[in-house]
Every structure is written in C-alpha cells, then in structure tokens.
Amino acid sequence: MSSWSLKAGFAGAALVAATAYAAAQMPDHARMHGKTGSSDQRQMMQSGGMHDDMMQGRHRMMRDETNGQPVMPGQEVFGTIQEIVRILEADPKTDWSKVNISALREHLIDMDEVTMRAAATQRSLDNGIEMTITGEGRTLEGIKRMVPAHARELSQLGWSATTEDLSNGVKLVVVSPDAKEVTKLKALGFMGIMVQGAHHQQHHLMMAKGEFSH
C-alpha cells in the first residue's frame, strides 16, 4: 500500500472517531444544560414569589399572544365589567331579572373619581389619623358614597372608624389602641386605608347581581 493511502486511511479513521466522540458528548451536554436551565427557572420562580393565579394568567396571555389574539381589554373599568359579566354567564344560577350592570358601572366611576381626583388632607392623632377628603361635582358624589361605606368595613380589621359629613366632602377618623397599628395607619394614609380588606371584588359581583349597593 502506498504512503498516500496509509495517510488517507489514518485521517479517515481519526475523523470518524472524532465525530463519534462529539456525538456521544452531545446528549450529556444537552442534559446538563436542561438541568441547569430548569434549576435556574425554579430559582427565579421561588425568588419572585409570584401568585399562582398571576402565573396562570401570564401563561394564558402568552398562549393567546402566540395564537395572534389580543388579551388586554383596553380600559380597566371595561375589563372589570367584562370579568363580572363572564362570571354571571358561567353561573347557571344567575337571576338575570335582578342583574344590574349599570349600578356596578356607577360604582366603578365613583372609585375612579375618588382615587384620581379627590383631595385628602391628613392630621396625626395620638391614637390614629384624621383625614378630610374633599372634591367637587362627580368626585364629591363618589366621596360621599364610598368613604362612609368603607368606614363600616374597617371595624372588621380591628380599627375604629367614624365619618362626618361635610359640605364639600367627608371627614374620616380612624384610630386604634395598638401603637403599631397607629404607626401603620399614619403610613397608609387615605388611599392605603381605602384599599384595605378583600371585600371590594365580592361587592362588585354582588352589585352586578343586584344584591348590594352603597
């Protein structure tokens, strides 16, 4: 056999061996990469502390986006009403003769007015805070409906809340015998106190069903 043939044979054998070695190494590398990726993802999920419902919503949104379908309602009040209507439609016990979506819409307008346009001044007390919430027109209407109603809910959180009707708004006083709670109240302020409790969403559904109103 010629020298050239021997060299070609050795080169071919070396190439086959290198290819086989690389192929044998690829599954292990892929498995290592997959394990590392999964571990990193689990760590990110744990550190993020995301709620299960939020993750499911994000996954659903990703699927819809993948399918080329929009998912955002375009306006928060619109989206809230849309959610309530879907709940009512999915419940075979819904009494449509009592359903009042208009009442829910008016309440959501109140929420927007009070949140975005009401003026609130705060005065510290030894055992709590005193707030004066004022506004004009539609904002004033929302203040007078929402603030006294919410004061009644605050008692369930261990606070004592009272309101006084004013010509241009409402005075809200919230107190507690617990010094730590007093510190918390002062930090929360008006809107922080208004969002307390988990009753808002349930009240929205009850309003739509005609079972609750401010």
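Two strands count as paired if DSSP finds at least two bridges between them. Helices (H or I, at least four residues) and strands (E, at least two) are DSSP runs, numbered from the N terminus. This is a predicted model, in which local features need pLDDT of at least 70 and side-chain atom pairs count only at pLDDT 80 or more, while totals for chains, interfaces and linings use all residues. Residues are numbered from 1 along each chain as its sequence is written, and side-chain values use heavy atoms, with hydrogens and water left out.

**View 1. An open sheet is built from 4 strands.**
Follow the order β1-β2-β4-β3, and you will find that the pairing is antiparallel. At the edges are β1 and β3 (160-166), each pairing on one side only. From one strand to the next, the twist averages 15°; axes here are lines fitted to C-alpha atoms, for helices over the stretch in contact, and angles run from 0 to 180 degrees between N-to-C directions. A handy reminder: strands of a sheet pair through backbone hydrogen bonds, either parallel or antiparallel.

**View 2. Strand β2 (residues 128-134) has partners in β1 and β4.**
Strand β1 (residues 119-125) runs antiparallel to β2, and 7 bridges join the two. A hairpin of 2 residues leads from β1 to β2. Strand β4 (residues 169-175) is also antiparallel to β2 and is joined to β2 by 7 bridges. Another pair to find is E130 with its bridge partner V173 in β4. Strand β2 is mostly covered, with 6 of its 7 residues buried. Buried means under 20% relative accessible area, exposed over 50%, and partly exposed in between (1.4 Å probe, protein chains only).

**View 3. Helices α5 and α6 lie across strands of the sheet.**
Helix α5 (residues 137-154) lies across β2, β3 and β4, at about 20° to β4. Helix α6 (residues 179-194) lies across β1, β2 and β4, and runs at about 15° to β2. Contact here means heavy atoms within 4.5 Å.

**View 4. Helices α3 and α4 cross each other.**
The axes of helix α3 (residues 76-90) and helix α4 (residues 101-117) come within 11 Å and cross at roughly 150°. The two helices are therefore roughly antiparallel (angles under 35 degrees count as roughly parallel, over 145 as roughly antiparallel, 65 to 115 as roughly perpendicular and the rest as oblique). The crossing of α3 with α4 is right-handed; a crossing is left-handed if the near helix is turned anticlockwise from the far one by less than a right angle, and right-handed if clockwise. On the α3 side, the residues in contact are V77, T80, I81, I84, V85 and L88, and they meet I101, L104, R105 and L108 in α4. These contact residues divide into 8 nonpolar, 1 polar and 1 charged. Here Ala, Val, Leu, Ile, Met, Phe, Trp, Tyr, Cys and Pro count as nonpolar, Asp, Glu, Lys and Arg as charged, and the others, Gly among them, as polar.

**View 5. P177 sits in the loop between β4 and α6.**
With a relative accessible area of 85%, P177 is exposed. Now find N127: P177 and N127 are 50 residues apart in sequence, yet 6.4 Å apart in space, C-alpha to C-alpha.
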